[in-house]
Amino acid sequence: MTTATRSFSRYALAIAVLSLTEVNAATPNPTKNPTAPPTTGKPTNPPTIYVGTNKWYVSYSDQTCKKDCAVAANTDCGGITRDSFTIANGLYTTAEACCSARLGYIDKNYCADRSKVTPVGTGMYYAASSGGYCLKDEIPATAADGEGKASANDKLYATPAACCSAMSWIPSAYCLARSPTTSAAPVGYSGKWFVDYTDSVCKADCDPVTPFTGRPSDADTSGAACEKATLQTYQYYDTASACCKAHLGWIPSATCEAVSTTGISATSTDGTDKWYADYSADTQHCVQDCAYVSTDASTATCGGVLKSVAGITLYDDADDCCAAKFPWVDKALCEEYSTLANDGYTGKWYVSYEDEVCVKDCEVDTVNDPECGGNPSDVSARLFADAAICCSSMLGWINKDTCKSTSETGAAVAATGSGDWYVDWSKSKCVQDCAVGTAGAKCGGLADSWDQLYGSSSACCNRLTWIPLAQCT
């Protein structure tokens, strides 16, 4: 063993002896006289309890904001939030600030009111579009006062006028009359005028039952003009006169206004002398608004004085009346029936398919005027200036000369034909329009109405290009 090794062994032995000496050393005696007695009393201060911040935080489930404090009677406290994120980032000094920041899609006034423990309503207005009016947001709501409870989806307006304006498809007169004012319940009637085309009068939007609430100043005190307007009424006027002028211009203004404001028509002993449609007669025509006297021929066109022109269109002359009211009747026929300018006959021609002739619209006289057939039985019959035009237009399958002669004289004349040329397709030849056997001609008989006539044989033969010219006639 080397000297170094012997030295290290003696050193390790010494360390081991010292360690055993420390482990086996005796524990000293406890102190018999402590410096202070042990504590035996209660804590000097109670523990701290968290009571919230008294600020506002959002409650998405209720779509409101709540005050961060313990719920208690007569307070707006909505409960203490323990959410660390809300406490760090989502607390606001007022309900309005919370609503604006977290519930911006809801009207802030609505949100602030509904965030209270006991909401009272905003006192603002919202649209009840199905009824065409606005309601005041109040809690509790009194329907008779035009109040209701708005929902979170309703847009609120400061005034009834602003609310009604938002419903642009509803006339403001209708909406405002049926909405509460800022200090009173709805009136229910606008006191304005609207047209009633069914009765051809204007009516007032007022209560038809006494005391005729909403009755306009130009309406009779009897209330006869009053009728509650419906949501389908689209235009309103301050006076009956303005309504009549805008919608019932064909009725004399004085008559329309009198009928509208009193319910009693304005009458005239002499009438207006204007023309109106008379549907009562078989001969559909127009008559004048004037008194008829059987012994006075000058009144023959009068249909009597109208007791009321409400609903009746008047015209300055018979022509306009006929054109507007009887468009299916020949204009000349309607005008003659109306004015009797020629004793009720037009002197024009119309077809009689039964007799295959044209007859003249004139008083029947078979001896002196065999062409006269009286008025046409069909008022829609077409009228023509002469028999020839009538024949060609309405009886084209009959020889025009025969038709004209029979129509004008009552008897057919021997037709001679025109002498022109036409194609006889059964023979593939061109022949002349003349009676067969006529001397000096190549007559093929009288041409029918559908045959094309040519002035020369060569012109006719051009239609038969496959036939040699020498064999064409």
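## A tour of the aromatic pairs

Welcome: the protein has 14 helices and 13 strands, which are DSSP runs numbered from the N terminus (H or I, at least four residues, for helices; E, at least two, for strands). This is a predicted model, where local features need pLDDT of at least 70, side-chain atom pairs count only at pLDDT 80 or more, and totals for chains, interfaces and linings use all residues. Residues are numbered from 1 along each chain as its sequence is written, and side-chain values use heavy atoms, leaving out hydrogens and water.

Select F194 and Y236 to begin. Their ring centres are 6.3 Å apart and their planes are at 65 degrees, so this pair is edge-to-face (rings of Phe, Tyr and Trp, its six-membered ring, pair with centres within 6.5 Å; planes under 30 degrees apart are stacked, over 60 edge-to-face, the rest tilted). F194 sits in strand β6 (residues 193-196) and Y236 in the loop between β7 and α7, so the pair ties together parts 42 residues apart in sequence. F194 is buried at 5% relative accessible area (buried is under 20%, exposed over 50%, partly exposed in between; 1.4 Å probe, protein chains only).

Next, select T233, in the loop between β7 (201-204) and α7 (240-247). Leaving aside residues up to four places away in sequence, T233 touches P171 and F194 (contact means heavy atoms within 4.5 Å).

Now move to Y279 and F326. Is each one buried or exposed? Y279 is exposed at 51%, whereas F326 is buried at 1%.
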